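Let's take a quick tour of a pocket, a sheet and a core. Have the viewer open as you read.

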Amino acid sequence: MANLALQVLPLANLALQVLLHALLSHWGSDGLRAHVERVQSAYRRRCAVALRAAEAHLTELATWRAPRGGMFLWMELTGVENTHTLLEAFKEAKVVVAPGSFFGAHSDPAEPASSGVRVSFANASDETIYEGFRRLGELLEKRKAAAGV
C-alpha cells in the first residue's frame, strides 16, 4: 500500500501543478489573488458561524479555541476519553466530525485515545453548521445524562 502511495503521489503533485498552471494562465495573478481572498472571506464568515453555534450548543460540553486559519475547528469533548468510540453515535445523530485520533502518526486510527474532534466548516451552509452543532450538543447531553453526570 505504501508503495502504491509513493507511485501515485508524484502523479497527484503533477496534476496539481498542471491545474495551478491552467488557473494562473486563465485568471492571471490578480484573478488568483481575488479568488483566494473570496475563499478566505468565506472561511472567516463560516468560522464565525461555527464559533457562535459552538457557544450556543456546546458550552460546558466541549472546549475549543478560535482557529487562526484554515477550515477546521478543533474541539475537546468534556468527559469523553476516546471520541473514536462515539463513531456510531455520531453516525446515528447525523453529525460529521472526525475523531482526533485519525490525525496521529500511528497505524491504528483508534489509538492513542483522544477526546478531540475536528469539525470542518469549509463547505457547509450556516443552517447546516448550526444544526450540526445542535445535534452534537444533544448527543453529548444524552450521553452525559445516561452516565448520571
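Predicted model: local features only at pLDDT ≥ 70, side-chain atom pairs only at ≥ 80, totals over all residues.

## The pocket

By class, the lining of the largest pocket splits into 11 nonpolar, four polar and three charged residues. Here Ala, Val, Leu, Ile, Met, Phe, Trp, Tyr, Cys and Pro count as nonpolar, Asp, Glu, Lys and Arg as charged, and the others, Gly among them, as polar. A pocket, on a 1 Å grid over the protein atoms alone, is an open set of points where a 1.4 Å probe fits, with protein on both sides within 12 Å along at least five of seven lines; lining residues have an atom within 4 Å of a point.

Residues are numbered from 1 along each chain as its sequence is written, and side-chain values use heavy atoms, with hydrogens and water left out.

The largest pocket has a volume of about 300 Å³, taken as the space filled by probe spheres set on grid points joined across faces, edges and corners. Its lining has 18 residues, with Val96, Val119, Ser120, Thr128 and Gly132 nearest the centre. Strand 4 (116-120) and helix 3 (126-146) are the elements that give two or more residues to that lining, and helix 3 has the largest share, seven residues. Helices (H or I, at least four residues) and strands (E, at least two) are DSSP runs, numbered from the N terminus.

Four strands make an open, antiparallel sheet in the order 1-2-4-3; strands pair if DSSP finds at least two bridges between them. Strand 1 (62-64) and strand 3 (98-99) are at the edges with a single partner strand each, so one side of each has no neighbour in the sheet.

Strand 2 (residues 72-77) pairs with strand 4 over five bridges, and strand 3 pairs with strand 4 over two. Arg118 in strand 4 is the bridge partner of Ala98 and also stands opposite Trp74. Pro99 stands opposite Val117.

## The core

Beyond its neighbours within four places in sequence, Phe133 is in contact (heavy atoms within 4.5 Å) with residues including His57, Leu58, Met75 and Val119.
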